[in-house]
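Please look at the model before reading on.

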Amino acid sequence: MPSPENKVATDNPGSDISLEIHDLTVAYHKKPVLWGIDLVVPRGKLVGIVGPNGAGKSTLIKAAMGLLPISSGWVKVFGEPVKKNLTRIGYVPQRESVDWDFPVSVMDVVLMGRYGHLGLLRRPSKQDRDIARECLDKVKMLPYANRQISNLSGGQQQRVFLARALAQESDLYFMDEPFAGVDAATEAAIVELLHELKSRGKTLMVVHHDLPTARRYFDSLLLLNMRVVAFGPTDQVFTHDLLQSTYGGRLTILSEVAEAVRAKE
Amino acid sequence: MELEKHMGGTRNRQTMTANLGAHAMRAERAPLSHVFSLLSLLLCLLCPSSGHAARIGDLVETDLAEQALRFFTFQDPAVRYALLGSMLLGITCGLLGGFIVVRKMALVGDALSHAVLPGVALGFLWNMSKDPVAIFVGAVLAGLLGAAAVHLIKHTTRLKEDTALGLVLASFFAVGICLVTMIQRLPNGNKSGIDKFLFGQAAAIGEGDVKLMLVATGLAVLMILLFYKEFLVTSFDAGFARSVGFPVQAIHYGLMLLLAFAVVIALQAVGVVLVSAMLITPAAAAYLLTDRMHRLLALAALFGLCAGALGAFLSFLRPNLPTGPLMVLAATAVFVLAFLFGPRHGVVARWWRRRSGAARIQRENTLKAVYHVLEAREFKGEGVSLRELAERRRETVEDARQQAVELRRHDFATLQQDGNAIYLTPEGWQRACAIVRNHRLWELYLTNAAHIAADHVHEDAEKIEHVLGEEVVRLIEKRLNYATHDPHGRAIPGLADLRRGEAPASPLPGATGYGRST
């Protein structure tokens, strides 16, 4: 499924490509959830990843970061295997993936963003704390630095996660539904932050669940349903036909085969 | 010795023991000493032999006093080993328990502790003696085998973790019990002391055991200090930890290994059956008392240490008293205290907060009544008499007087004319305006925005007025276009009224919030 943007990207020299995925297949319990993903994302793109439930949106970003075992294919980040460039990757997991009663302060969580740069054994320095404080300030959560995280609202929790990702000082960000369950003010603040990061040359891959806002928030869209349906500038990709083939039930054969593969096991 | 003088009746003996317990603990944590003395008293009351103590007479009592004396002079090496060992195991179990609790792995600790029993028996059979190292190695290996079995069941079948844990716990424990029974049937098996591993006997801790415990505890403390950051981030957000390149699995297994160490060094004194309680209970108590991980670990270690020492002491008082249950009871006492008296999450603190919340609502209602009285006479004249307040609130003058005193206590009002007239301070006036404003804004909001009839809104506003915050008030004001009058046509006090600090001629419109949150 070549899209205009894909072609443009591959013509550019490798250093301008932040994420390159080739023939990536991922399976959970032998059941394929992503099939033959090819993707080339140039630097400085703000990409929304949209698709129906079970399309493999989260799986795609997790597999791209090397958090999941992949069945086949490879992923390169800034021209190198992911493992070599982990410090250039920032990650915002789904908010529900952690226990918000955990006995840590907001500051503790944001400091975790520095852990990748510290590596094993080293403790965060004063400089790391300063960076964490700046990042908290950027998401307007500095006054909450010493609060325990369970006292936060959903929007505040998401801001803390974003501050942690900012503290990673990365070039390529993966965000898993950062807009899920946040208040309107936080949603606007996140959009602003995403655009600011983009204008600083960062690449952002954002899993998003809401189609109408996806159109407004992102300049590129990746339509995903077990495979890449389309990837390109929002105005070219956000078309009735493409959305229909993403969300409409035309992928039944793929699902059936997946089911058959699983049944044979 | 002073102790001998007290050797009269059973009651004296009990209080004496209690006092001894208290002295022992005062050095470690003064506020807890009362708890421990209370606990030791309770335990003495529950002691089965105290029922027939009168018949056996002096013999038992002398034994008890002598034992207590032996314990506190520390001259007997057995006492030193038992106490030191119990404290070490308390620290290790507390520390590891802290991680177990926040990682929601409490049952894993339980399964692991039961799974080690066959290893203990095999370690004993290795050279037919209670060689600490052989037993340690056997137990750790059996524990890890159990953990691996849980992992295998979880990842190759559809069974979930709790079922896998239950399976492994029971089967390993059954094998262990069979082996232990077998050993006891062997020649000299009766004297092996292997049965002590079931319920624990601190007195059985020897020099070799203590050395091993020191090494294991030292190792656990060192690892936690070195890898605190790694343990913290993998416990809180494993996915994120993996994304920054931390070896999450390796760290998990490292923690499991330390957990196995903690379980194994605690076996001798606590016993297989209850080891998991020494992991969970001190950490659970600490979890209720703090919301920072490092403090949680420190508190859990401290509680573990105290429980270990107290359990060792109590079990020393009589022969054949199992140590494990006593230690666990001591730890449980700490937990109960944390549950009841924890400053933030404790039952008492929550009750107190509710109560003081109720007192605040009462004060605010009084202020509101004062405002209403002033409003009724169009803010002419200063001060509100107690009689006016009482009439307004349909109460006796005596009730009104109490409330007036309460207002003065919080600097909301001064009392004049022999305490018969209430003059609001600027603080009090501001709070009164805020409450009335909240009430009327909310009524207006309900009628305008939610389309509820004007005669249905008062009751609701009575409750809401006490909980509206600055932010919400501003939102409502905006939504209502900075309205000046409530649905009943009464003026809503505004910013200009607040600034006056005293009763104004009439309320003025156009406020945005209150300068301070209510």
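## Salt bridges between the chains

A salt bridge is a side-chain nitrogen of Lys or Arg within 4 Å of a carboxyl oxygen of Asp or Glu. The model is predicted, and by this rule the interface of chain A and chain B holds 2 salt bridges. A:D99 makes a salt bridge with B:K104, and their closest N and O atoms are 3.2 Å apart.

Polar contacts were counted as well: 9 residue pairs link chain A and chain B in this way, both residues being at pLDDT 80 or more. On the side of chain A that touches chain B, the elements giving two or more residues are α3 (106–111), α4 (115–118) and α6 (154–167) of chain A. The most comes from α4(A), with 3 residues. By type, the residues of this side are 18 nonpolar, 7 polar and 7 charged.

## Extent of the interface

In total, 32 residues of chain A are in contact with 26 residues of chain B. The two chains bury about 2,600 Å² between them, and 67% of it lies on carbon and sulfur atoms. Of the area that chain A buries against chain B, 25% is supplied by A:F102, A:P103 and A:Y115, more than by any other three residues.

## Two helices of chain B

Within chain B, the axes of helix α13 (residues 228–236) and helix α15 (residues 248–270) come within 10 Å and cross at roughly 105 degrees. Angles of 65 to 115 degrees count as roughly perpendicular, so α13(B) is roughly perpendicular to α15(B).

From α13(B), the contact uses B:E230, B:F231 and B:T234; from α15(B), it uses B:V248, B:I251, B:L255 and B:L258. These residues divide into 5 nonpolar, 1 polar and 1 charged.

How values were computed:
Residues numbered from 1 in each chain as written. Chains lettered and ligands numbered in written order. Predicted model: local features only at pLDDT ≥ 70, side-chain atom pairs only at ≥ 80, totals over all residues. Heavy atoms only, no water. Contact = heavy atoms within 4.5 Å. Buried area = accessible area lost by both parts, 1.4 Å probe. Polar contact = N/O pair within 3.5 Å; in protein donor to acceptor, adjacent residues only side chain to side chain. Helix = DSSP H or I, 4+ residues; strand = E, 2+ residues; numbered from the N terminus. Nonpolar A, V, L, I, M, F, W, Y, C, P; charged D, E, K, R; others polar. Axes fitted to C-alpha atoms, helices over the stretch in contact; angles between N-to-C directions. Parallel < 35°, antiparallel > 145°, perpendicular 65-115°, else oblique.
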